[in-house]
Amino acid sequence: MKRSKAHKDAAAKVDRDKLYTPVEAAKLAKETSTTKFDATVEVALRLGVDPRKADQIVRGTVNLPHGTGKTARVLVFATGDRAEAAREAGADIVGADELIDEISKGNRLNEFDAVVATPDMMGKVGRLGRVLGPRGLMPNPKTGTVTPDVAKAVTDIKGGKIEFRTDRQANLHFIIGKTSFGERQLLENYAAALDEVLRLKPSAAKGRYLKKVTFSTTMGPGVPVDPNVTRGITADLAE
């Protein structure tokens with residue numbers, strides 16, 4: 001892939017042979033952002049799990065203390081009072097049978113970032129797995145997106161709740177904010193997400209669990225982070 005001069009200049013500031021502390025990485029990620037817009041800051045983890053085995057899949061959610069910097073667009077499958085509650089909570093799209101038909105045809109897929117459904121709708125929503133599944137949007141009780149309390153689910157998602165799941169290569173990605181965030185905000189979000197990932201370590205996983213950590217921004221270079229630093233992440237920040 002051909003890189004721009006700005007990207008090459010930014011990448012030159014990153015020592016690929018060094019493992020940066022989270023504080024150093026947050027500063028460097030912001031410094032090496034090459035976009036004119038407010039770029040997203042993302043974390044990638046390589047975990048010591050075998051995602052081919054069901055008991056080693058790492059999947060969960062966490063409410064970031066400072067949000068993601070982006071208000072997620074939420075689609076809700078519900079009827080009656082629950083549908084109305086979802087609308088009042090700020091859901092962007094609410095519907096039932098007709099909406100399921102639209103989504104099954106591949107329509108409106110660029111209009112939402114998260115999907116919530118009431119339990120009674122899952123019999124019908126289940127057939128959307130081939131459409132929503134590959135996008136990581138299929139509602140699931142384990143992540144709180146299949147629930148009778150759709151209003152709370154919508155509020156949580158719009159307030160900064162993120163979902164994560166290991167891919168086939170045992171990598172896990174999540175957003176910790178925007179380059180406009182202060183370093184403390186980014187690091188506190190990272191700490192919250194990392195704590196949850198560590199808490200979810202599968203008992204069947206053997207050997208080193210957290211193998212590799214990288215911070216990056218939209219179109220920016222990756223910054224290698226020391227995976228051994230999992231506590232006191234903001235300790236080096238000036239008060």
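Mentor: Two strands pair if DSSP finds at least two bridges between them, and strands (E, at least two residues) and helices (H or I, at least four) are DSSP runs numbered from the N terminus. This is a predicted model, in which local features need pLDDT of at least 70 and side-chain atom pairs pLDDT 80 or more, while totals for chains, interfaces and linings use all residues. Residues are numbered from 1 along each chain as its sequence is written, and side-chain values use heavy atoms, without hydrogens or water.

Trainee: In which order do the three strands of the open sheet with parallel pairing stand?

Mentor: Strand β3 (residues 74-77) pairs with β4 in the parallel sense over three bridges, and within that pairing L75 stands opposite I93 of β4. Strands β4 (93-95) and β5 (114-117) are at the edges with a single partner strand each, so one side of each has no neighbour in the sheet. The order of the three strands is therefore β4-β3-β5.

Trainee: Which helix packs on this sheet, and what angle does its direction make with that of β3?

Mentor: Neighbouring strands of this sheet are turned by 15° against each other on average, direction ignored. The helix touches β3 and β4 (contact means heavy atoms within 4.5 Å), and its angle is taken between N-to-C directions, from 0 to 180 degrees, using lines fitted to C-alpha atoms, for helices over the stretch in contact. The helix is α4 (residues 97-104), and the angle is about 125°.

Trainee: Which strands stand at the edges of the open sheet of four strands?

Mentor: The pairing in this sheet is antiparallel, and the order is β7-β1-β8-β9. Seven bridges join β1 to β7, one of the bridge partners being N171 in β7 for R46, and β1 (residues 40-47) also pairs with β8 over seven bridges, where E42 has S216 as its partner. The strands that each have a single partner strand, so that one side of each is left without a neighbour in the sheet, are β7 and β9.

Trainee: Which residue takes a positive phi in the hairpin of β8 and β9?

Mentor: Strands β8 and β9 (residues 223-225) run antiparallel and are joined by three bridges, and V223 in β9 is the bridge partner of F215. There are five residues between the strands of this hairpin, and the residue with a positive phi near 65° is M219.

Trainee: Why is the pair of Y190 and F215 called edge-to-face?

Mentor: Rings of Phe, Tyr and Trp (its six-membered ring) pair if their centres lie within 6.5 Å, and planes under 30 degrees apart count as stacked, over 60 as edge-to-face and the rest as tilted. Y190 lies in helix α8 (residues 183-199) and F215 in strand β8 (residues 210-217), 25 residues apart. The ring centres are 5.0 Å apart, and the pair is edge-to-face because the planes stand at 80°.

Trainee: Is Y190 buried or exposed, and what is its relative accessible area?

Mentor: Buried means under 20% relative accessible area, exposed over 50% and partly exposed in between (1.4 Å probe, protein chains only). Y190 is buried, with a relative accessible area of 0%.

Trainee: What is the angle between the planes of F164 and F174?

Mentor: The structure holds two aromatic pairs, and in this one F164 belongs to strand β6 (residues 161-165) and F174 to strand β7 (residues 171-178), 10 residues apart. Both residues are buried. Their ring centres are 6.4 Å apart, and the pair is tilted, with an angle between the planes of 55°.
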